[in-house]
Amino acid sequence: MPLLTLHNQQIGWTPLLVLGYLFYLLLGAMVFQLLEKQAETHFRDQFQLEKLKFLQNYTCLDRKALEQFVQVLMEAWEKGVSPEGNSTNPSNWDFSNSFFFAGTVVTTIGYGNLSPSTVAGQIFCVFYALFGVPLNLAFLNQLGKSLNAHLITLERWVQMPGRAQVVQTLAVAIFLTAGTLLFLVFPPLVFSYIEGWSYGEGFYFTFITLSTIGFGDYVIGTNPNKHYIPVYRSLTAIWIVFGLAWLALVFNVGADLMEKFLQLKWHQPDLNLAEGATIKSEDEPEQPRIHIPS
């Protein structure tokens, strides 16, 4: 195990990595609490105020009836039915939407805005994910190997005689830039135009989706007031699959670089200590040997 020498004591860098990981989670928790808690309190108070105004305007209703109606709305939303519009809204389970849902299952994105409501659908979903998730991992792994093979080929090409290190760096930068444009920069423009989001909201949805976080606060093709082309969500599902492979490759490269940096940093004191011991042993005079005759 890689070791860090501190005051002549060797400490494994793995426990330090665990502590760093926990510290990162605690830092995220504090920042999210600082940024979001006050806004949540504001929205909660605003919602209660709107309910009071509603009761004042419609005196025929009491608070209990209003709470029951709100509960009906919540249950409809949990079942994937939008409370807006009417019964003529497009089905959440047409082929295009079902294809998109199948993609969110096998990729483990799971937005949470839509889920099977029948017992048969829930059972099928379990077994579908049981075989689909490993299949998706195998597919992404193979796709990642293919992308990595192209990177290796590109690296060999730029390492040929007559090509400088600058050209190699430039080639890798072009590869990363092309993927960034294709999967992170241009798609938010499309989603912003179709869904009516800001570019920031579109970029937020793009990254949260491709990183398989999938909160479900932003989901494409769910606005009942908009008319979507039938293949919109299906094409998005295909884009998600290839985007997952590219972003996973980027994450793997980042993790490898971070691990190598940590190992290099923690190994450096050991190397210095070993070099010091070698120099010390060389400087010590050789002790005379006493020969005892037999």
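Trainee: Which residues does UniProt list under "transmembrane region" for this chain?
Mentor: The unreviewed UniProt entry lists residues 12-35, 95-114, 120-140, 166-190, 202-220 and 232-255; such positions are given in the numbering used here, feature names are shortened, and annotations may be inferred rather than shown by experiment. The structure itself is a predicted model, in which local features need pLDDT of at least 70 and side-chain atom pairs count only at pLDDT 80 or more, while totals for chains, interfaces and linings use all residues. Residues are numbered from 1 along each chain as its sequence is written, and side-chain values use heavy atoms, with hydrogens and water left out.

Trainee: What makes up the span of residues 120-140, helix or strand?
Mentor: Residues 120-140 are 100% helix and 0% strand, with end C-alpha atoms 29 Å apart, and residues 232-255 are likewise 100% helix and 0% strand, with ends 34 Å apart. Helices here are DSSP runs (H or I, at least four residues) and strands are runs of E of at least two, numbered from the N terminus. On that basis the protein chain has seven helices and two strands, in the order β-β-α-α-α-α-α-α-α.

Trainee: How do you know what span to expect of helix α6?
Mentor: The expected span is 1.5 Å times one less than the number of residues; α6 (residues 199-210) has twelve residues and reaches 16 Å from its first C-alpha to its last, close to the 16 Å expected.

Trainee: Why is Thr-212 called partly exposed?
Mentor: Buried means under 20% relative accessible area, exposed over 50%, and partly exposed in between (1.4 Å probe, protein chains only); Thr-212 is at 29%, so it counts as partly exposed, and Thr-108, at 45%, is therefore partly exposed too.

Trainee: Why is the pair Glu-40 and Arg-44 called a salt bridge?
Mentor: The term requires a side-chain nitrogen of Lys or Arg within 4 Å of a carboxyl oxygen of Asp or Glu, and the N to O distance between Glu-40 and Arg-44 is 3.0 Å. The two residues are four apart in helix α1 (residues 13-57), which means that they are separated by about one helical turn.

Trainee: How many salt bridges are found in the whole structure?
Mentor: The search finds two, and Glu-67 with Lys-51 also meets the definition, at 2.6 Å, N to O. This pair links distant parts of the chain, 16 residues apart, with Glu-67 in helix α2 (residues 63-78) and Lys-51 in helix α1. Glu-67 is partly exposed at 32% relative accessibility, whereas Lys-51, at 8%, counts as buried.
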